[in-house]
Amino acid sequence: MKDANLFQLGIGLETGAHEEDTARGVTAANIDSVVDSDREDHFIRKDGKVFAGTHLIIEVMKGTGLDCEARIQKAFRDCVDVCGATLLHIHTHKFSPQGVSGVAVLAESHISVHTWPEIGYGAFDVFMCGDAEPWKAVDVLKQAFSTDMVEVRELLRGEELIAKEVAA
């Protein structure tokens with residue numbers, strides 16, 4: 001990362017960002033250490049599972065206001081507050097004639113969106129690790145875009161990798 005422009009500008013240094021340690025490589029011992037319940041990290045240990053975080057694919061349908069950057073940014077902030085996450089940065093982009101893409105970068109991961117307001121559709125991703133509660137974002141998005149038509153799929157990120165490595 002030392003050659004990356006943002007690193008050269010000093011962006012990210014205050015959060016402890018540094019060059020990745022690739023000298024040791026990924027080993028079974030590294031994976032095993034993630035399973036250790038005494039480990040201080042943001043991996044989730046719940047219901048006998050260990051995973052990096054909960055990733056929700058949220059499909060907002062028949063929504064209103066999906067062409068408004070300010071409304072999307074407010075929805076991101078409301079999701080962060082309700083879910084107990086930590087906002088680092090929001091960036092959105094308004095397309096012409098319509099549509100918005102955006103991302104909220106979180107200490108716990110991210111929230112992202114791409115909208116098709118002409119059909120009332122917003123494709124949201126909410127990925128959070130640690131103690132954050134991403135499922136609380138669903139009601140925030142329903143309210144923010146005035147719809148009850150929302151479908152959600154849940155992925156437990158890293159679950160398969162850790163389960164396979166621990167079982168081996």
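How many bridges pair E3 and E7, and in the parallel or antiparallel sense? E3 and E7 pair in the antiparallel sense over seven bridges. The model shown here is predicted: local features need pLDDT of at least 70, side-chain atom pairs count only at pLDDT 80 or more, and totals for chains, interfaces and linings use all residues. Residues are numbered from 1 along each chain as its sequence is written, and side-chain values use heavy atoms, leaving out hydrogens and water.

**View 1. The open sheet has six strands in the order E4-E5-E6-E7-E3-E8, with antiparallel pairing.** Strands E4 (87-94) and E8 (150-157) are the edges, each pairing on one side only. From one strand to the next, the twist averages 10 degrees. (Strands, E, of at least two residues and helices, H or I, of at least four are DSSP runs numbered from the N terminus; two strands pair if DSSP finds at least two bridges between them.)

**View 2. Here are the partners of strand E7 (residues 121-128).** Eight bridges join E7 to the antiparallel strand E6 (residues 109-116). Val113 stands opposite Phe124 in E7, and His114 opposite Ala123. Four residues lie between the strands of this hairpin, where Gly120 takes a positive phi near 70 degrees. For Leu56, the bridge partner in E7 is Val126.

**View 3. Helix H3 (residues 69-83) lies across E4, E5 (100-106), E6 and E7.** H3 runs at about 155 degrees to E4 (axes are lines fitted to C-alpha atoms, for helices over the stretch in contact; angles run from 0 to 180 degrees between N-to-C directions). Helix H4 (residues 137-144) packs on the sheet, touching E3 (53-60), E7 and E8, with contact meaning heavy atoms within 4.5 Å. The direction of H4 makes about 20 degrees with that of E3.
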